[in-house]
Amino acid sequence: MKKFSRYINAKTVCLLFGLLFVLSLVPLLLMGQYAHPAADDFGNGRLAREAIVQTGQLLPVLGAAFEYMKTLYFTWQGSYAACFLMCLQPGVFGTEWYAVTPFLMIFTYTAGVLLLCWAVFVKLFGGRPALVFSAAFALLLYSFQ
């Protein structure tokens with residue numbers, strides 16, 4: 001074991017966890033090409049889809065998403081702000097774009113976890129980045145699998 005200890009350091013462990021995490025995403029991303037809108041995707045994206053079909057421009061789509069969010073603010077519970085983004089799901093621009101959804105979801109979740117770990121454990125507590133990212137990649141690997 002002592003023979004290998006000179007090759008295994010915090011950066012190596014971070015790289016291994018990162019590589020293992022990225023490799024574990026390959027099946028998810030391959031399956032993502034078969035994603036399509038379902039259930040509430042149609043309801044959430046209805047106004048935005050109508051706006052894109054009628055105008056073909058992005059600004060009216062954002063306006064429709066805001067209108068949908070405003071309606072939910074007065075008629076539903078507190079997740080109205082998230083409904084703005086739900087209204088702008090890729091399927092609004094065409095069902096062929098829905099395959100982008102897994103990429104967006106994986107990227108935003110991964111970026112959020114990495115930024116949170118960086119802010120809390122490196123910036124706030126002064127931890128070593130390689131160890132923090134090793135733990136973050138292990139957490140991501142566990143949460144995705």
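Leaving aside neighbours within four places in sequence, Gln89 is in contact (heavy atoms within 4.5 Å) with Asp41, Gly45 and Tyr98. The model is a predicted one, in which local features need pLDDT of at least 70 and side-chain atom pairs count only at pLDDT 80 or more, while totals for chains, interfaces and linings use all residues. Residues are numbered from 1 along each chain as its sequence is written, and side-chain values use heavy atoms, with hydrogens and water left out.

Gln89 lies in the loop between α5 (80–87) and α6 (101–124), where helices are DSSP runs of H or I with at least four residues, numbered from the N terminus. Its relative accessibility is 11%, and Gln89 therefore counts as buried; the term means under 20% relative accessible area, with exposed meaning over 50% and partly exposed in between, for a 1.4 Å probe and protein chains only. The side chain of Gln89 also reaches the backbone nitrogen of Gly91 at 2.8 Å. Thr101 belongs to helix α6 and, because its relative accessibility is 12%, it counts as buried.

**Nonpolar cores**

A nonpolar core is here a set of buried Ala, Val, Leu, Ile, Met, Phe, Trp, Tyr and Cys residues joined through side-chain atoms within 4.5 Å. The largest such core has 15 residues, and those with the most contacts inside it are Phe21, Leu114, Cys117, Phe137 and Leu140. Two or more residues of this core come from each of α2 (10–32), α6 and α7 (129–144), and α7 gives the most, with six residues. Not counting residues up to four places away in sequence, Phe137 touches Cys14, Phe17, Gly18, Phe21 and Leu114. A second, separate core of 11 residues includes Ala48, Ala51, Ala64 and Cys83.

**Surface features**

Which residues form a nonpolar patch on the surface? Leu58, Leu59, Leu62, Phe93 and Trp97 do so, with about 510 Å² of accessible area together. Patch members have over 30% relative accessible area and no salt bridge, like charges being joined within 9 Å and nonpolar side chains (Val, Leu, Ile, Met, Phe, Trp, Tyr) within 5 Å; the areas come from the Shrake-Rupley method with a 1.4 Å probe, and for residues only the protein chains shown count as cover. Of these residues, Leu62 is placed in helix α4 (residues 58–75) and counts as partly exposed because its relative accessibility is 32%. Val53, in helix α3 (residues 40–55), is exposed, with a relative accessible area of 57%. Val53 and Val92 are 39 residues apart in sequence, yet their C-alpha atoms are 9.3 Å apart in space.

**Salt bridges**

With a salt bridge taken as a side-chain nitrogen of Lys or Arg within 4 Å of a carboxyl oxygen of Asp or Glu, the count comes to two.

| Salt bridge | N to O distance |
|---|---|
| Glu50 and Arg46 | 3.4 Å |
| Lys70 and Glu67 | 3.5 Å |

Glu50 and Arg46 are four residues apart in helix α3, so about one helical turn separates them. Glu50 is partly exposed, with a relative accessible area of 36%, and Arg46 likewise counts as partly exposed at 47% relative accessibility. Lys70 and Glu67, three residues apart in helix α4, are therefore separated by about one helical turn. Lys70 is partly exposed, with a relative accessible area of 38%, and Glu67 counts as partly exposed at 38% relative accessibility.

Note on methods:
Polar contact = N/O pair within 3.5 Å; in protein donor to acceptor, adjacent residues only side chain to side chain.
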